Amino acid sequence: MAQPPVLLKDMKLLDVKLGQLPSWLAMRDFTPGGILGAIRRGYNRYYTKYIDVRKGGLGGISMVLAGYVVISYIWSYSHLKHERRRKYH
């Protein structure tokens, strides 16, 4: 038997077609509580998939470190941009 269609508000972002994207975005909760809930769900999903496992590896920790490196580069980019245009001679 065919499965019943999924409602647009219950679809994941990767399953939404391009024409449905504006109406899908309109159904999202952009209040501070909704954003905090989305961050909490994302953290719980990450924690249960990579950190809270029986036989862990370096995958979860290395992703956190890579994220830290990217964020610290973004924060210091304006300073680094001015440094590369200077001549040291």
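## Aromatic pairs

Rings of Phe, Tyr and Trp (its six-membered ring) count as a pair if their centres lie within 6.5 Å; planes under 30 degrees apart are stacked, over 60 edge-to-face, and the rest tilted. By that rule, the structure holds 3 aromatic pairs. One of them joins Tyr46 and Tyr50, and this pair is tilted, at 5.5 Å centre to centre with 45 degrees between the planes.

Both tyrosines, Tyr46 and Tyr50, belong to helix α2. They sit 4 residues apart, about one turn of the helix. Tyr50 is partly exposed, with a relative accessible area of 31%. Here buried means under 20% relative accessible area, exposed means over 50%, and partly exposed lies in between (1.4 Å probe, protein chains only).

## Model and overall fold

This is a predicted model: local features need pLDDT of at least 70, side-chain atom pairs count only at pLDDT 80 or more, and totals for chains, interfaces and linings use all residues. Residues are numbered from 1 along each chain as its sequence is written, and side-chain values use heavy atoms, leaving out hydrogens and water.

The protein has 4 helices and 0 strands. Helices (H or I, at least four residues) and strands (E, at least two) are DSSP runs, numbered from the N terminus. Along the sequence the pattern reads α-α-α-α. Of the 89 residues, 7% count as buried.

## Packing of α2 and α3

How are two packed helices described? The angle between their axes and the distance between the axes are given. Helix α2 covers residues 32–51 and helix α3 covers residues 59–75. They pack at an angle of about 135 degrees, with axes 8 Å apart. That makes α2 oblique to α3. Axes are lines fitted to C-alpha atoms, for helices over the stretch in contact, and angles run from 0 to 180 degrees between N-to-C directions. Under 35 degrees is roughly parallel, over 145 roughly antiparallel, 65 to 115 roughly perpendicular, and the rest oblique.

## Residues at the contact

Which residues meet? Tyr46, Tyr50 and Ile51 in α2 meet Gly60, Ile61, Met63 and Val64 in α3 (contact: heavy atoms within 4.5 Å). By class, the contact of α2 with α3 has 6 nonpolar, 1 polar and no charged residues.

Leaving aside residues up to four places away in sequence, Tyr46 touches Ile51, Gly60, Ile61, Met63 and Val64. Tyr46 and Gly60 are 14 residues apart in sequence and 8.1 Å apart in space, C-alpha to C-alpha. In this scheme Ala, Val, Leu, Ile, Met, Phe, Trp, Tyr, Cys and Pro are nonpolar, Asp, Glu, Lys and Arg charged, and the others, Gly among them, polar.
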